[in-house]
Amino acid sequence: MNLEHAKRKNEHLSLAEKFYDAAHQAHPFDQVRLIPNALPEMATTEFNPQVQINGLTLQWPFYFEAMTGGSEQAKTVNMALARVANKTGIAMATGSLSPMFKLPQFNDSFQVVRNANPTGTIIANLGANVTVKQARQAIDLLQADALEIHLNVAQEAAMAEGDRNFHWRANIQQLVEELPVPVIVKEVGFGMSRATIQQLMSLGVKTINLSGRGGTNFVQIENRRNHVADFSDLTNWGLTTPESLLEAAGLDQVTLLASGGVTGPLDVIKAGVLGAQAVGVAGYFLHRYYQDGEEGLLKAVQTWQTEVTRIMTMLGCRHFSDLSQVDFVLDEQLYNYVQQRHLNH
Ligand SMILES: Cc1cc2nc3c(=O)[nH]c(=O)nc-3n(C[C@H](O)[C@H](O)[C@H](O)COP(=O)(O)O)c2cc1C
């Protein structure tokens with residue numbers, strides 16, 4: 001890893017923004033409709049936005065999902081995200097801290113996140129092949145409240161310089177056993193099957209972020225960066241976020257988080273109805289920042305907080321976890337998926 005790595009981080013930011021419209025043409029959450037409650041017996045003041053997730057407290061059920069760090073440009077973005085997180089009380093995950101092991105000159109691009117938000121909930125992020133010692137260093141650098149371990153096979157496969165060895169299971173098990181903070185295992189936008197979720201559970205993982213297709217698309221991004229081969233046939237690889245949540249139906253020994261293609265408060269609520277205990281948002285809020293600046297991002301997050309509260313009240317749900325009681329219907333295509341996969345929703 002060298003300065004090429006910082007360049008890659010900058011390219012991820014600029015290509016996520018460049019492909020924002022293309023990546024969001026389909027909106028899989030539209031395949032889910034909620035059944036309204038015309039008699040909710042609730043006032044907006046009765047909504048309690050706090051969620052507890054296996055030792056981690058979030059003040060709101062949606063948060064800034066992992067994006068960046070490891071370059072000057074990343075530092076500017078992280079600073080803005082952290083200031084907005086601090087003002088609104090939402091949690092924030094940073095991008096992978098792997099640069100700190102080879103490019104410590106950019107450690108401040110991560111440290112700004114804690115400095116701007118001294119008491120907020122901050123989640124560190126690393127790949128699945130790091131050692132326990134490295135994970136502890138990353139947690140210490142951020143004084144992180146939790147660690148996300150990302151699974152990104154499709155992304156690495158589409159990268160000219162990507163990893164080709166994906167023997168991760170034993171290491172994940174060791175990280176979960178030995179780290180002092182809660183560990184969340186997440187995808188990066190390709191979703192997870194029931195078999196993967198069960199496999200992670202058998203390794204001792206208690207919290208899983210399914211991060212499905214429908215938003216930021218790392219095959220598209222890496223394919224643009226790859227000047228050696230064309231992997232564009234993999235652009236639609238993976239499961240959408242609603243499909244991934246439905247894959248997990250009935251698995252009650254695990255806490256599910258969702259991300260991938262969440263572009264509005266109603267998506268947050270729908271993810272909750274399908275079983276998510278909290279929802280990460282990356283590409284949409286990055287887009288808001290690039291389009292409208294830090295002030296615009298702040299306003300967007302505040303608007304989401306207001307609307308999430310209103311929708312929760314419309315549904316008569318005082319806690320985010322109450323959403324599992326809300327009825328829903330699926331469109332034909334998603335219902336077909338559920339039937340072919342023999343899922344009980
Ligand atoms: C610019 C950018 C960089 C990202 N870097 C990371 C990363 O370092 N680690 C990680 O786990 N996920 C990373 N992600 C993936 C997101 O955390 C998320 O799983 C994915 O983008 C799907 O959510 P979205 O559709 O809301 O963007 C990144 C996303 C973006 C937009």
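**Pockets and ligand**

A: Let's start with the second largest pocket, which holds about 500 Å³ of space. Pocket here means, on a 1 Å grid over the protein atoms alone, an open set of points where a 1.4 Å probe fits, with protein on both sides within 12 Å along at least five of seven lines. Volume is the space filled by probe spheres set on the points, which are joined across faces, edges and corners.

Q: Is this predicted or what, and which residues and atoms count?
A: This is a predicted model: local features need pLDDT of at least 70 and side-chain atom pairs 80 or more, while totals for chains, interfaces and linings use all residues. Residues are numbered from 1 along each chain as its sequence is written, and side-chain values use heavy atoms, with hydrogens and water left out.

Q: OK, what lines that second largest pocket?
A: There are 22 lining residues (an atom within 4 Å of a grid point). Leu151, Val153, Glu187, Gly191 and Thr196 lie nearest the centre. α6, α7 (169-178) and α8 (194-202) each give two or more residues, and α8 gives the most, four. Helices are DSSP runs of H or I with at least four residues, strands are E runs of at least two, and both are numbered from the N terminus.

Q: Switching over, where does the ligand sit?
A: In the largest pocket, meaning more than half of its atoms lie within 2 Å of the pocket's grid points. That pocket has a volume of about 1100 Å³. It has 50 lining residues, with Lys9, Ser96, His150, Asn152 and Gln155 closest to its centre. α1 supplies the largest share of that lining, six residues.

Q: And how many residues surround the ligand itself?
A: 22 of them, and the closest are Ala66, Ser96, Ser211, Thr216 and Gly283. α1 (3-18) and β8 (183-187) each supply at least two of the shell residues, with α1 giving the most, three.

Q: Which atoms does the ligand pair up with?
A: A ligand oxygen is 2.7 Å from a backbone N or O atom of Ala66. For Ala282, a backbone N or O atom lies 2.9 Å from a ligand oxygen. Asn125 uses a side-chain N or O atom, 2.8 Å from an oxygen of the ligand.

Q: So how much of the ligand does the protein bury?
A: 97% of the 600 Å² that the ligand exposes when taken alone, by the Shrake-Rupley method with a 1.4 Å probe.

Methods. Near = heavy atom within 4 Å. Polar contact = N/O pair within 3.5 Å; in protein donor to acceptor, adjacent residues only side chain to side chain.
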